[in-house]
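Work through the exercises below with the sequence and the model side by side.

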Amino acid sequence: MANYHPSNDLLIEFSAGKLPNALGIMVASHIENCAECQKKTNIFASIGGELINDIHQTDVNEALFGNILSQLDKDPEIIIPRPSYKGIPRPLSRFMSGPLENIKWRGYARSLKEYNLPISDNQYNAKLYKISAGKKLPEHTHKGNEYTLVLSGKFSDNAGCYDIGDFIATDNAITHQPKAWTNSDCICFAIVDAPLTMTGTFGKLLNPFIR
Amino acid sequence: MSEQSSVKLNPLNQLVIKIAESQDRVAFKELFESVSPKLKSYAMQCGSSAHEAEELIQECFITVWRKAHTFNPNAASAITWLYTIVRNKRIDLLRKTKNKEFVISDDLWPEPETGCLENDVESDLNQNIARTLLHGLSQEQRQIVYKVYFEGKSHSEIASDLGEPLGTIKSRLRLAMKKLDSLAKENITWLIIILVTTY
Ligand SMILES: [Zn+2]
């Protein structure tokens, strides 16, 4: 069971449907295996229900119900089944081409490899990172916020030790130096605030963890 | 026992159950008439035009018809179930029209893998907590919660919307939560704690 959870702010925004982006995928990936956050989001959804209950009414076009009736017997859209890969939370699975052990990692440093997830947008930049067993990354600070979800292995920094399922938010005030545990590589799903002006700098290319 | 029967007696719950059990079009119409004007307000509050709002309602009710059998009154009350449908459809319609977002609602809330429904989570309890919480709020405080849910506003955006300092917005909610704390100690204590720390 996870020890580090998304903030209540994030869980409320998630339940309100206001995170249809990489951060939403990460929150959903954490919730899938966290009973505590499931319980909270159930209540936050109930608040959404109550708000709908109490909202004012807006007149609806009289023809609308007829239109709906005429479509009930149409064939539903075919849904492509969601792939299921070992070690990948289901919310993330549609954006992966295989299980964790088949990822085509990229990167120059031996201690740190990365894989770009196709869910980055002009707000968030999303990647998977692999820190080799026992390796330490250079100490660094962040520009903007960084969110991390541990998918496999463990890592630690000066603020704590993180295990599978832990959701860690760090802001630009924090300097940290992640280190993977000695017996296995650590794979994380990571998101950074990524305003368009900050992407693709040379420095980032050299060391994706230093921003 | 009383909890069981209150779950069954909830009129919206009954309508959805009738639709699920016997494809009851009378119940379907009744549900449509009681809920669609609210769903329309929700959609427009979220930024849809009147036309888009009705498209959203249409999608929602087609889903209600097809998925009524997945409604589990022990897991969530009908109004919360409907809320999650409209919330999800809104994301999917936005994605279709803007044609650039990649996330679909099924990524965020995947259908249960095995098809087995979550076993009796305390739906009634959740709804009561939510109701107690909201009804204990002043008009001003409720407006803030409403803006987070329906307009996706951050606290500082809400402050500028309402022409109030951020500190005022935060303290309004904090006061509301204190009031609630004395209303219902056991069940919602943790909710109060988190809301106080959140806002
Ligand atoms: Zn959690």
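**Exercise 1: Helix packing in chain B**

The crossing of H3(B) and H4(B) is right-handed, a crossing being called right-handed if the near helix is turned clockwise from the far one by less than a right angle, and left-handed if anticlockwise. The model is predicted, so that local features need pLDDT of at least 70 and side-chain atom pairs count only at pLDDT 80 or more, while totals for chains, interfaces and linings use all residues. Residues are numbered from 1 along each chain as its sequence is written, chains are lettered from A and ligands numbered from 1 in the order in which they are written, and side-chain values use heavy atoms, with hydrogens and water left out.

Task: At roughly what angle do the axes of H3(B) and H4(B) cross, and which residues meet?

Solution. Helices here are DSSP runs of H or I with at least four residues, strands are runs of E with at least two, and both are numbered from the N terminus. The axes of H3(B) and H4(B), the latter spanning residues 50-67, come within 9 Å and cross at roughly 145°; axes are lines fitted to C-alpha atoms, for helices over the stretch in contact, and angles run from 0 to 180 degrees between N-to-C directions. With contact meaning heavy atoms within 4.5 Å, the residues of H3(B) that meet H4(B) include Phe28(B), Leu31(B) and Val35(B), and among their counterparts in H4(B) are Ile57(B), Phe61(B) and Trp65(B). By class, this contact has 14 nonpolar, one polar and three charged residues, where Ala, Val, Leu, Ile, Met, Phe, Trp, Tyr, Cys and Pro count as nonpolar, Asp, Glu, Lys and Arg as charged, and the others, Gly among them, as polar.

Task: What is the handedness of the crossing of H2(B) and H3(B)?

Solution. The axes of H2(B) (residues 11-22) and H3(B) (residues 25-45) come within 8 Å and cross at roughly 145°, and this crossing is left-handed. Leu12(B), Leu15(B) and Ile19(B) are among the residues of H2(B) in the contact, and Phe28(B), Leu31(B) and Val35(B) are among those of H3(B). By class, the contact has eight nonpolar, one polar and two charged residues.

**Exercise 2: The zinc site**

Task: Which residues coordinate the zinc ion, and why is the arrangement tetrahedral?

Solution. The donors, that is N, O and S atoms within 2.8 Å of the metal (3.2 Å for Na, K and Ca), come from His5(A) (ND1), His30(A) (NE2), Cys34(A) (SG) and Cys37(A) (SG), at 2.0 to 2.3 Å. The arrangement is tetrahedral because the four donor atoms subtend angles of 101 to 113°, and four donors count as tetrahedral if all angles lie between 85 and 135 degrees. In sequence, the donor residues are spaced H-x24-H-x3-C-x2-C. Cys34(A) counts as buried at 1% relative accessibility, buried meaning under 20% relative accessible area with a 1.4 Å probe and protein chains only, and Cys37(A) is buried with a relative accessible area of 0%.

**Exercise 3: Two residues of chain A**

Task: Where do Ser46(A) and Ile88(A) lie, and which residues do they contact?

Solution. Ser46(A) is placed in helix H3 (residues 35-54) of chain A and counts as buried at 3% relative accessibility. Leaving aside neighbours within four places in sequence, Ser46(A) is in contact with Thr80(B), Asn126(B), Gln127(B) and Ala130(B). Ile88(A) lies in the loop between helix H4 (64-71) and helix H5 (90-93) of chain A, and at 7% relative accessibility Ile88(A) counts as buried. Not counting residues up to four places away in sequence, Ile88(A) touches Ser93(A), Met96(A), Gly98(A), Pro99(A) and Leu100(A).

Note on methods. Tetrahedral: all angles 85-135°; square planar, octahedral: opposite > 155°, others 65-115°. Buried < 20%, exposed > 50% of the residue type's maximum accessible area, 1.4 Å probe, protein only.
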